[in-house]
Amino acid sequence: MTTLTPRATGRSRTSPWIRPRWAFWSHGGYHTLLNILTWPKAYQAAYAGVPVADLIARMGYKNDGYRAIFEGFIGKSADQNVAEYKKRSPYSLAAKLETPLLIHSTTNDEDVNVLEVEHLIDSLKAAGKKFEYKIYDNAPGGHYFNRIDTPLARESRKDVLAFLAKYLK
């Protein structure tokens, strides 16, 4: 469920219910962060919802099957190649942020532990970067809180759209 539209091409790949020019959720948030931190001039704005942000920490709390997927495409496990996992973790690229960014997470996310998002937020603050974020306390739906139909989810989506409207012209 991601949509990416680099300014340079104007082309987009879209999912059913999101607007062109932004990407957002979980691993989509991870890819959003990697894109804006690698090619900051290519994007007008970004939203990262419950983004995977620290692969080293993530490998510590995910199961063997999940770790095997990463080991398969990286070639080694996190303990065998810490530097590579760090390089692929958005928190380690925080100093490169130039794109307006909004981050949402929740304390009860059962997939992307909030500690990853907190590490990203702390890294962005340490780098003196301007961004917006909100960590919800035990949001209904956990990892899927923004993607379901609850008053809090509607409020969250409204906040996302308002944030993006400031930058997407």
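The questions and answers below concern a predicted model.

Visitor: Which pattern does the protein follow when read along the sequence?

Guide: The protein contains six helices and three strands. Read along the sequence, these elements give the pattern α-β-α-α-α-β-α-β-α.

Visitor: What is the order of the strands in the open sheet?

Guide: The edge strands, each pairing on one side only, are E1 (46–49) and E3 (132–136). From one strand to the next the twist averages 10°. The pairing is parallel, and the order of the three strands is E1-E2-E3.

Visitor: Which residue is the bridge partner of alanine 48 in E2?

Guide: Strand E2 covers residues 101–106 and runs parallel to E1, with four bridges joining the two. Glycine 49 of this pair of strands stands opposite histidine 104. For alanine 48, the bridge partner in E2 is isoleucine 103.

Visitor: Are the residues that point either way from E1 buried or exposed?

Guide: Ala46 and Ala48 point one way from E1, while Tyr47 and Gly49 point the other way.

Visitor: What angle does the direction of helix H6 make with that of E2?

Guide: Two helices may be described against the strands. Helix H1 (residues 27–38) lies across E1 and E2 and runs at about 145° to E1. Helix H6 (residues 151–165) packs on the sheet and touches E1, E2 and E3; the angle between its direction and that of E2 is about 165°.

Visitor: How many of the 12 residues of H1 are buried?

Guide: H1 spans 16 Å from its first C-alpha to its last, close to the 16 Å expected at 1.5 Å a residue. Its buried residues are covered by elements including E1, helix H2 (55–61), E2 and helix H5 (114–126). Among those buried residues are Tyr30, Leu33, Ile36 and Leu37. H1 is mostly covered, and the number of buried residues is nine.

Visitor: At what distance does the side chain of serine 89 reach the backbone nitrogen of leucine 55?

Guide: Serine 89 lies in the loop between helix H4 (82–87) and E2, and it counts as buried because its relative accessibility is 0%, where buried means under 20%. Leaving aside neighbours within four places in sequence, serine 89 is in contact with Ala53, Asp54, Leu55 and Ile56. The side chain of serine 89 reaches the backbone nitrogen of leucine 55 at 2.8 Å.

Visitor: Is serine 156 buried or exposed?

Guide: Serine 156 is found in helix H6. Not counting residues up to four places away in sequence, serine 156 touches Tyr47, His104, Tyr136, Phe145 and Asn146. Its relative accessibility is 0%, so serine 156 counts as buried.

Visitor: What phi does valine 50 have?

Guide: Most residues other than glycine have a negative phi. Valine 50 is placed in the loop between E1 and H2, and its relative accessibility of 0% makes it count as buried. Although valine 50 is not a glycine, its phi is positive, at about 35°.

Visitor: What relative accessible area does asparagine 138 have?

Guide: Asparagine 138 is placed in the loop between E3 and H6. Its phi is positive, at about 50°, although it is not a glycine. Asparagine 138 is partly exposed, a class that lies between under 20% and over 50%. Its relative accessible area is 48%.

Key:
Residues numbered from 1 in each chain as written. Predicted model: local features only at pLDDT ≥ 70, side-chain atom pairs only at ≥ 80, totals over all residues. Heavy atoms only, no water. Pairing = 2+ DSSP bridges. Axes fitted to C-alpha atoms, helices over the stretch in contact; angles between N-to-C directions. Contact = heavy atoms within 4.5 Å. Expected span 1.5 Å × (residues − 1). Buried < 20%, exposed > 50% of the residue type's maximum accessible area, 1.4 Å probe, protein only. Polar contact = N/O pair within 3.5 Å; in protein donor to acceptor, adjacent residues only side chain to side chain.
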